[in-house]
There are 2 protein chains.
Amino acid sequence: MTAHPLAPLLAPSSVAIFGASNDPTRISGRSLRYYREAGYKGGLYPINPTRDTVQGLTAYPDLASVPGPVDCAVIAVPANLALEAMESCVAKGVKGVVMFTAGFAEIGPEGRAMQERITQIARDSGIRLCGPNCLGLFNMRTGHTATFSSFLEEGPTPAGPLGMVTQSGAFGTHLLALAARRGIQVGVWMSTGNEADVAVADGISFMADDPETQAIACYVEAIKDGALFAEAVARARKNGKPVIAMKVGGSAVGAAAAASHTASLAGSDAVYDAALRQLGVERARTPEDLIEIAYACTRGRLPASRRLAVMTMSGGAGVLMADAAEEEGVELTPLSEESQKEVLSWVPFAAPRNPVDVTAQALNDPSILDKSFELLFGKENFPAMIGFFTTWASSPQMAEPLFKSVTGAAARYPDRYFALSAIATPEMQRRYEAAGVGLFEDPWAAVAAVAGAMRCAERIAMPPLPAPPIPKHLPPLPQGRIAEHEAKRILAEAGIPVLDERLVTNAGQAAAAGVELGERLVLKIVSPDIPHKTEMGGVMLDVPAREAGAAYDQIVQRVTARAPRAKIDGVLLSPMVKGGTEMILGVQNDAVFGPVVMLGLGGIFVEVLRDVTFRIAPFGIEEAHKMIGELRGAAILDGARGQPPCDIDALAIALSKLSVFVAAQKGQFTSIDVNPLLVRPKGQGAAALDALILTPSAAANDDEVAP
Amino acid sequence: MTAHPLAPLLAPSSVAIFGASNDPTRISGRSLRYYREAGYKGGLYPINPTRDTVQGLTAYPDLASVPGPVDCAVIAVPANLALEAMESCVAKGVKGVVMFTAGFAEIGPEGRAMQERITQIARDSGIRLCGPNCLGLFNMRTGHTATFSSFLEEGPTPAGPLGMVTQSGAFGTHLLALAARRGIQVGVWMSTGNEADVAVADGISFMADDPETQAIACYVEAIKDGALFAEAVARARKNGKPVIAMKVGGSAVGAAAAASHTASLAGSDAVYDAALRQLGVERARTPEDLIEIAYACTRGRLPASRRLAVMTMSGGAGVLMADAAEEEGVELTPLSEESQKEVLSWVPFAAPRNPVDVTAQALNDPSILDKSFELLFGKENFPAMIGFFTTWASSPQMAEPLFKSVTGAAARYPDRYFALSAIATPEMQRRYEAAGVGLFEDPWAAVAAVAGAMRCAERIAMPPLPAPPIPKHLPPLPQGRIAEHEAKRILAEAGIPVLDERLVTNAGQAAAAGVELGERLVLKIVSPDIPHKTEMGGVMLDVPAREAGAAYDQIVQRVTARAPRAKIDGVLLSPMVKGGTEMILGVQNDAVFGPVVMLGLGGIFVEVLRDVTFRIAPFGIEEAHKMIGELRGAAILDGARGQPPCDIDALAIALSKLSVFVAAQKGQFTSIDVNPLLVRPKGQGAAALDALILTPSAAANDDEVAP
């Protein structure tokens, strides 16, 4: 038994079942029956005051009467009795509770209050609580079946390599059924229901430590605690286990349905998407993607790189697998000239490049199979191969020679990843799987799933760089609406580049400052009462430095004429800078992941194309470079349309600095906008030309905030 | 027997098999065996000079000896004997030949020459030839099995509702196997091999007329004749039959693999994509998409609109189906308030909006099923519904009540489309299908496939407007490089709007013309030797009209100084126009589809984002509007970023006029560029500011051609 904090829930030595029914078809009787069918070896105690035995086991009138310790309790009693049951668990020293009972937060305020009481009991006593309103969990390594999921109606499932965590019990059961039909055995499964205590992250964390789990699949509607989730995913990665998640609720109707279903705040799907990528989670778009990538990741090995050999007996299949490879970012590196010649020496009309199409010739000469596999894994040293062999895997003539040849190669090259696209009988499919070779009927799906496994393996091999440290004891932010001058001063202290600028309060100061700043200047009015400076005539561009004094008088007169009652703090002078690309940087406090940095290209890219990308703060410079590369318009920064390349390094540094600053100031601001940040030609750095910080005390109706 | 031109190939009354072997496992013996197993009722004549009987049938030494007429011949003899076999077919009056034989165009020039001879014989004699180098075809309506596809090794397939045409025999066989495993019966199947005569389009055309075919699935590597393909698809649409196609070779490696596989020119995937959409073909991305949409389209009915009711017993499934619906453009319109109240009266904790989640309550009260279906199809009048019922369809308790309720509703509402996401035994699956209800295990896949069927139904219900007529007897284009002035004159005659402009040859003319054209002018040098006017100082913008004479002298001097040997034809004067959006229009001659019009937004949209869209010429104004709407940056034209909305109608008219012009001039030009076409604010029209026409005699190295 592992020492994981969730062990009392997922690997208990003894289990009590409250309200266990003698009727093995009722919810309260099913779990007990499943335990017995699964051969659970620990102590198993039905709690039922009305019977001496339940399903042949000695029953106890209450938990206190159970002799010896109880690790885990299954509570299936009605909601009004659940509190009492929890209290008896505390008295007995139970450490894990699985609560099926519905009628809590999901039904409204009254239920929510009751859930809070139960949660408090769990917190106070150190009990880890799964549910309420869940379908429970199982761990087939020990036959622990604290669930009434109908999936186990067909008998216990084998203790296989996939772990699965799901926020929907019903859909989790459907996923179990889909996985089983695909031949994937789910060893550990947990549905989290209302997540009063235990969340998806806890399940991932346990499975990360479970030695027999090879990969973890999740169904997620809303993550409650982003930091906990990040920690769990990092733990899985450290232990070499891919985490594949389907996050639903991305559409408007879907989010509404998720909210009515789970009563939880669904964050922005774009932020989820960025966060899952950043954390190293493989996001599945559909249930089938989830199952197929999980299948590819539970073959006992993972592909070492994105280099793939495709071997076919049909040119058509090769073409579409090449299409799929390009779409999925998989590299079909061509064979060496020498190897291509060798292929042609076996089959003159073969396509020898990659895809390697040996045509149907192997029907006449099966030795082509052995020679090809040896060439591709041996001489050409491919880390991964997909072979398209259509119905050969089930044809009377070819099934056995193909099996022998494929599994022989898989055995000779135990560090290589070998998958087939083929149609086989279920028995033959199981034989291949036992040899570590996965089978996919659809060749496109084969490439897509193997590509998923490649991405997963890449994340495990190249863990993200550690996030930069978060400085402590930063000075507190001023309260309210922190406008341009002050905002840029604060950001400059945090390392965001700004221009040299001066706040002046009369024409004389302006004239003096002007000559120090450069030949051409920008003047901007500084007033807490004028958020929209340009509209009020409060901005002057490209002013010759020698005219700074006159320009000062002019701008103040102009603004005063239009806004006579505005308090004017002065005029900001800065050098006029030309050339470069304007970016928009923004920071929001995401309900799930905390401060999240947004990056977009200015102008139509943000306004028309919504071309933005996100990262959870803090992050380092390398991660910032990845972020920049995700913009659809990233080529603009490389110098498209005859412009010089921009100082992308300066942008990346600014992004990382901003992320560190906002992580340190977490909770102190509501939003931060740097709009625009001018990224100048390479070597010339970047500069925040305007900025705005809003703190919780500021009115939230300022439309200068970036989109 | 239908009178379709392909009837001798696909529905013959008598068949002769050249080289028919007595060994039913050999290629030359298989087809004959399949005929007998499929119970073919027509005349069946093995041609085999070495035997009296073949597989129990009387054999004939040659075709001439066969008594009575022969509609179709199957030729499986070696390539060197194929020519002779063809000639005997001509002599016998055979009208259809299926040639399995390989060793023709796919092996090189010698094979290509032989293929051309055979094709010529077919053309001259009116024989329709399928192949060579193909796996043949079958039509299960009559048991006509002119194929050696291993798919029929398991016995004849039922005469089902799907037609399938494939350019790859091996992959086509794989698709047959995938379809069979999905429970789809393919009634008519054709592999086209080298397409010496019969192409994919011919197969589509035949199946369009076949009364029992409900939908047609295609696997395509390269279409040879776009017009023929368009005609066949139109025929299928007219007969109410969706055409679903997987077109492969879109990637670089895929295109190379396709080229080496089929030796055919693979056109641009973007053009294929646009053309398939324009023609009304549902393009499938993967084999699985192809199979699933074909499944959804062969249930005996199609969904009447995109309005969909989703009913579930799991909130989680509802959320993800809502996500899928949004991604697929399916409308989950909410139920009326009254109906929502009714749902809540059955199940207080239901989600009643749409998705309608009735929770697991129907386990306790199956009457909820009938009531829900009646509410959704009856009162709410949904044309289509997907019900998520997970393993209920196979559970001992629920399987029969669910089946009764679902199929009852399907029978009461025969014009509605009803699909389930559920896991059932194969037998139960077949029972649902017999009642017109399709089953999908993955709820996402269910929505995606039904969405495909919705798009197909939409195309059938709303056929494209007829293309505008192509004018005849247009004056021939001048030869060579037709530059700005002349190109715009030609395009103006075709109805493309241009600005009023004058070609002047001295300062006096310039001064006189200037005052007629407006207050501010643009001057451009006109010279066949100066393609890049701006770089040579040959463009002057925003010139006051009264200075036109002086500007004339200035521009000519400037250009002469830089290019003293350039022949100068004069200077073009036009009004300076400000405001509006610059578009790029281009026309290319696609190898498959003929003249194809490209549209893009000027600037970064084309250069950085490659945001362009295509249409086959000619097309009408409504189609042009669809084309404009496909641009990612289309919002720019609607007046994004504070600009006034542009004259989109004028743009659409210009596009359509250009398409008609290029269709009329087909073969007379190599490329046409209108770059830019300025689309002015709404009501102010559009104007081609520059244009270039290249004809076959022009050098192709002009880099003024748009990207």
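Where is B:H473 found? B:H473 lies in the loop between α17 and β20 (481-482) of chain B, and its phi is near 60°, a positive value in a residue other than glycine. Helices (H or I, at least four residues) and strands (E, at least two) are DSSP runs, numbered from the N terminus.

The structure is a predicted model, in which local features need pLDDT of at least 70 and side-chain atom pairs count only at pLDDT 80 or more, while totals for chains, interfaces and linings use all residues. Residues are numbered from 1 along each chain as its sequence is written, chains are lettered from A and ligands numbered from 1 in the order in which they are written, and side-chain values use heavy atoms, with hydrogens and water left out.

The predictor assigns the complex an ipTM of 0.92 and a pTM of 0.93. For chain A the pLDDT (the predictor's confidence in each residue, from 0 to 100) averages 92, and 97% of the residues score at least 70. Over residues 261-266 of chain A, however, the pLDDT is below 50; beyond near neighbours in sequence, this stretch has 11 contacts in the model, a contact meaning heavy atoms within 4.5 Å. Residues 700-707 of chain A also have a pLDDT below 50, with 18 contacts in the model beyond near neighbours in sequence. Where pLDDT is low, the predicted coordinates should not be read in detail.

The contact between the chains takes 65 residues from chain B and 65 residues from chain A. Between them, the two chains bury about 5,100 Å², 63% of it on carbon and sulfur atoms; buried area is the accessible area (1.4 Å probe) that two parts lose on being put together, summed over both. B:H174, B:V319 and B:R641 supply 11% of the area that chain B buries against chain A, more than any other three residues.

Four salt bridges are counted between chain B and chain A, a salt bridge being a side-chain nitrogen of Lys or Arg within 4 Å of a carboxyl oxygen of Asp or Glu. In the salt bridge of B:E441 with A:R181, the closest N and O atoms are 2.5 Å apart. Several elements of chain B, including α5 (169-181), α8 (252-262) and α17 (443-461), each supply at least two residues of the side that touches chain A. Helix α11(B) gives the most to that side, with nine residues.

Salt bridges over all chains number 82 in the whole structure. Within chain A, A:E153 forms a salt bridge with A:R30, the closest N and O atoms being 3.5 Å apart. This pair links distant parts of the chain, 123 residues apart: A:E153 is in the loop between β8 (137-139) and β9 (162-166) of chain A, and A:R30 is in helix α2 (residues 27-37) of chain A.

In chain B, five strands form an open sheet in the order β16-β15-β17-β18-β19, with parallel pairing; two strands pair if DSSP finds at least two bridges between them. The edge strands, each pairing on one side only, are β16 (356-357) and β19 (438-440) of chain B. Strand β18 (residues 417-422) of chain B is joined to β19(B) by three bridges, the two running parallel, and B:L420 stands opposite B:L439 in β19(B). Helix α10 (residues 287-296) of chain B packs on this sheet and touches β18 and β19 of chain B; its direction makes about 150° with that of β19(B). Axes are lines fitted to C-alpha atoms, for helices over the stretch in contact, and angles run from 0 to 180 degrees between N-to-C directions. Helix α11 (residues 315-328) of chain B also packs on the sheet, touching β15 (309-312), β16 and β17 (384-390) of chain B, with its direction at about 155° to that of β15(B).

In chain A, an open sheet of four strands has the order β20-β23-β21-β22, with antiparallel pairing. Its edge strands are β20 (502-504) and β22 (539-544) of chain A, each pairing on one side only. The twist averages 30° from one strand to the next. Six bridges join the antiparallel strands β21 (residues 520-526) and β23 (residues 570-575) of chain A, and A:I525 stands opposite A:V571 in β23(A).
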